[in-house]
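Please look at the sequence and the 3D structure shown below before reading on.

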Amino acid sequence: MGAALALASRTQGRTAPNPNVGCMIVNQGRVVGRGWTQPGGRPHAEAMALAQAGAAARGATAYVTLEPCAHVSPRGPACSDLLAAAGVARVVAALEDPDPRTAGAGFARLRSAGIAVETGVREAEARASMAGFLTRRVMGRPFVTLKLATSLDGCIALADGRSRWITGPGARAHAHLERSRHEAILVGRGTYQADAPVLDVRLPGLKERAPQRVMLSRTCAEGGLDGWTVIPTPAAVATLAGDHLLVEGGARVAAAFLAADLVDRLLLYRAPILIGTGRQALRDIGLADLAAAHGRWRLEDRRRFGPDALEIHRRTR
């Protein structure tokens, strides 16, 4: 299942409206098929893995990060039917599909075909892997990641606004990898006017995965911004296409998303420098009581990129 989860991450941010799923097919201790949901949502992970396995799928175990679909689409057959037709003996799944067209029906179809089904294996990791898909289904909006790059004293720029560069090349490369895993990236109007940001992905082999550029502005007309989507409020992210949004721009924008409780994941890059009188990472987020600040964030990961540190926090809900 760990290998299937790793495969699922390959197309995070490229499969909407379908989930990014991974599948491993193992027969007598040997991997005979591997698959992950392809860009655009098809083929599904199971279909890809079964095509690779061929006849070796008969009697095998399929490890899949999400319940195999049970509905037939104009774009392809149901994966539960494909697994049954291939003669798979056992299916191990991490998570039940919340899509009402499947939601348990895939497991039922497998069992009715005589296939042994085991569920709930590494479920928490699968939920994290498919957070965009699940957030869209449950909350009706994309999964929102807020990225902040600060000094040790919480500044994102000098007092005059200069911010290049707070962190070093390793941390910046990781930030570009994060961009490649999101369908959209958002900054505020102030960042747009001051920096004219390109917001592309500057990593070899991933340059074509640049996200759609979004600006948060109540007054700017969308028609005059070539290649940009403009939304008036943080809540309007629900209208954006895709299941993953990366928020990068400015203290005002960051505070607006935190005040609206729309941040699901926080990337905090910290450089070992002190700025003093500089621009702080956040403005007022509407906190009335210090007690309300506790228990809202869970540390998920901690990494180092040379001298710089990264902490990844998840919003507890």
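How many residues does the largest nonpolar core have, and which of them have the most contacts inside it?

## About the model

This is a predicted model, in which local features need pLDDT of at least 70 and side-chain atom pairs count only at pLDDT 80 or more, while totals for chains, interfaces and linings use all residues. Residues are numbered from 1 along each chain as its sequence is written, and side-chain values use heavy atoms, with hydrogens and water left out.

## The nonpolar cores

The largest nonpolar core has 34 residues, and those with the most contacts inside it are I25, L83, V88, V91, L95, L110 and M130. A nonpolar core here is a set of buried Ala, Val, Leu, Ile, Met, Phe, Trp, Tyr and Cys residues joined through side-chain atoms within 4.5 Å, where buried means under 20% relative accessible area, exposed means over 50%, and partly exposed lies in between (1.4 Å probe, protein chains only). The elements that give two or more residues to this core include α1 (2–8), β1 (22–27), β2 (30–36) and α2 (45–53); the helices and strands named here are DSSP runs, numbered from the N terminus, with helices (H or I) of at least four residues and strands (E) of at least two. The largest share of this core, four residues, comes from α2.

Leaving aside its neighbours within four places in sequence, I25 is in contact (heavy atoms within 4.5 Å) with several residues, among them V32, A49, L50 and A62. A second, separate core has 22 residues, including V144, A236, V237 and L262.

## The sheet

Which strands form the open sheet, and in what order? Five strands form it, in the order β2-β1-β3-β4-β5, and the pairing is mixed; two strands count as paired if DSSP finds at least two bridges between them. Because β2 and β5 (116–118) stand at the edges, each with a single partner strand, one side of each is left without a neighbour in the sheet. The twist averages 15° from one strand to the next.

β1 and β2 run antiparallel and are joined by six bridges, and M24 stands opposite R34 in β2.

Helix α2 lies across β1, β2 and β3, running at about 145° to β2. Such angles run from 0 to 180 degrees between N-to-C directions, and the axes are lines fitted to C-alpha atoms, for helices over the stretch in contact.

The axes of α2 and helix α3 (residues 79–86) come within 9 Å and cross at roughly 20°. The two helices α2 and α3 are therefore roughly parallel to each other, a label for angles under 35 degrees, whereas angles over 145 count as roughly antiparallel, 65 to 115 as roughly perpendicular and the rest as oblique. The contact between them is made by E46, A47 and L50 of α2 together with C79, L82, L83 and A86 of α3.

A cis peptide bond joins A16 and P17, with omega about 5°, and P17 has its place in the loop between α1 and β1. Another cis peptide bond joins R42 and P43, with omega about -10°, and P43 lies in the loop between β2 and α2.

R122, although it is not a glycine, has a positive phi of about 55°; R122 is partly exposed, with a relative accessible area of 39%. L199 is likewise a residue other than glycine with a positive phi, near 60°, but L199 counts as buried at 4% relative accessibility.
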